[in-house]
Amino acid sequence: MFGFVTANWKELNKEQTARYGAVYCGICRQIRKRSSQGARLGLSYDMAFLALLLMSLYEPEETSGTRSCALHPIRPRGWVDSPFIRYAADMNVALAYFKAADDWQDDKAVSAKLRMKIFGRNYEALEDRYPRQCEAIVDCITEINRLEKENCANPDLPASAFGKLMGELLVFQEDMWAPTLREMGMALGRFIYLADAMADYRRDKRKKKYNPYIAMGIGENYGHWDEHLVLAMGRCTHEFEKLPLVQDKPLLDNILYSGVWMNLRRKKQEGRDGIDQ
């Protein structure tokens, strides 16, 4: 379900592109340090959004540098580090582990078992460090699995389950900003789930997989697809604008006001072309 909350690269200036890439590389470096080299395979730009949001809100001290790595051995790349880079790295691994576990439960695919082993190497440490977030991930997957088995025809129910997960991930600590971040995450998670269901409509129909819109009996000519997404993202940005963000605000604006819609169009086209995501 990830891959939506990323930037519209065409609208980034040179400095924003470098900053975005440095945050991404910083998360990648920390995944290697805190988990394993193999766990970097689960890296997502969505976690760069999480790190940027929290760094903009709390403005922690950052360290930075440039170096090459196994994935980019020729040209050194910039990176940044902060407590929120490390948090995003840990959340990336936790999400990847539970996604692999869910895939193993569903399909018993050997690849899913291998990914569980890679991402779960330090899972107990993550569970001890972030019990609230890990519990939210488990609850979300359990609830969505239940709704899928029931062929739930109400998109609000699985979307809200994923929204609760995102709400807990956005909250790094219980402080004065936690309620706003939770509401923002709830709306963002709903957007992600509904956008994913919309983009995957043709693929899910072709593969006879669960999709709430298919369960509703809605066809591709349904005239209110975008209304659900506009409402969810409107609620997300309403809460987002309450936060006193200065650092990286234009980059965050790019992601929420442009990037998510560009990614939706891209994923919808992939679904029409029969490309599995």
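Biologist: Is Asn92 buried or exposed?
Modeller: In this predicted model, local features need pLDDT of at least 70 and side-chain atom pairs count only at pLDDT 80 or more, while totals for chains, interfaces and linings use all residues. Residues are numbered from 1 along each chain as its sequence is written, and side-chain values use heavy atoms, with hydrogens and water left out. The scale runs from buried (under 20% relative accessible area) through partly exposed to exposed (over 50%), with a 1.4 Å probe and protein chains only. Since Asn92 has a relative accessibility of 3%, Asn92 counts as buried.

Biologist: In which element does Asn92 lie, and which residues is it in contact with, leaving aside its neighbours within four places in sequence?
Modeller: Helices (DSSP runs of H or I, at least four residues) and strands (runs of E, at least two) are numbered from the N terminus, and Asn92 has its place in helix 3. Contact means heavy atoms within 4.5 Å. With neighbours within four places in sequence left aside, the contacts of Asn92 are Ile31, Gly42, Leu43, Ser44 and Met47.

Biologist: How many of the 13 residues of helix 2 are buried?
Modeller: The 13 residues of helix 2 should span 18 Å, and its end C-alpha atoms are 19 Å apart, which agrees; the expected span is 1.5 Å times one less than the number of residues. The buried residues of helix 2 include Asp46, Phe49 and Ser56. Helix 2 is mostly covered, and the number of its residues that are buried is twelve.

Biologist: Which element gives the most to the lining of the largest cavity?
Modeller: On a 1 Å grid over the protein atoms alone, a cavity is a set of points where a 1.4 Å probe fits but cannot get out, and lining residues have an atom within 4 Å of a point. The largest cavity is lined by Phe2, Val5, Asp46, Met47, Phe49, Leu50, Met166, Leu169, Leu170 and Ile192. Two or more of the lining residues come from each of helix 2 and helix 7 (156-170). Giving the most, with four residues, is helix 2.

Biologist: What is the volume of the largest cavity?
Modeller: Grid points are joined across faces, edges and corners, and a volume is the space filled by probe spheres set on the points. The structure holds one cavity of 30 Å³ or more. The volume of the largest cavity is about 60 Å³.

Biologist: How far apart are the C-alpha atoms of Gln133 and Met166?
Modeller: Gln133 has its place in helix 6 (residues 131-149) and is buried, with a relative accessible area of 4%. Met166 is among the residues that line the largest cavity. Although Gln133 and Met166 are 33 residues apart along the chain, the separation of their C-alpha atoms is 9.1 Å.

Note on methods: On a 1 Å grid over the protein atoms alone, a cavity is a set of points where a 1.4 Å probe fits but cannot get out, and a pocket is an open set with protein on both sides within 12 Å along at least five of seven lines; lining residues have an atom within 4 Å of a point.
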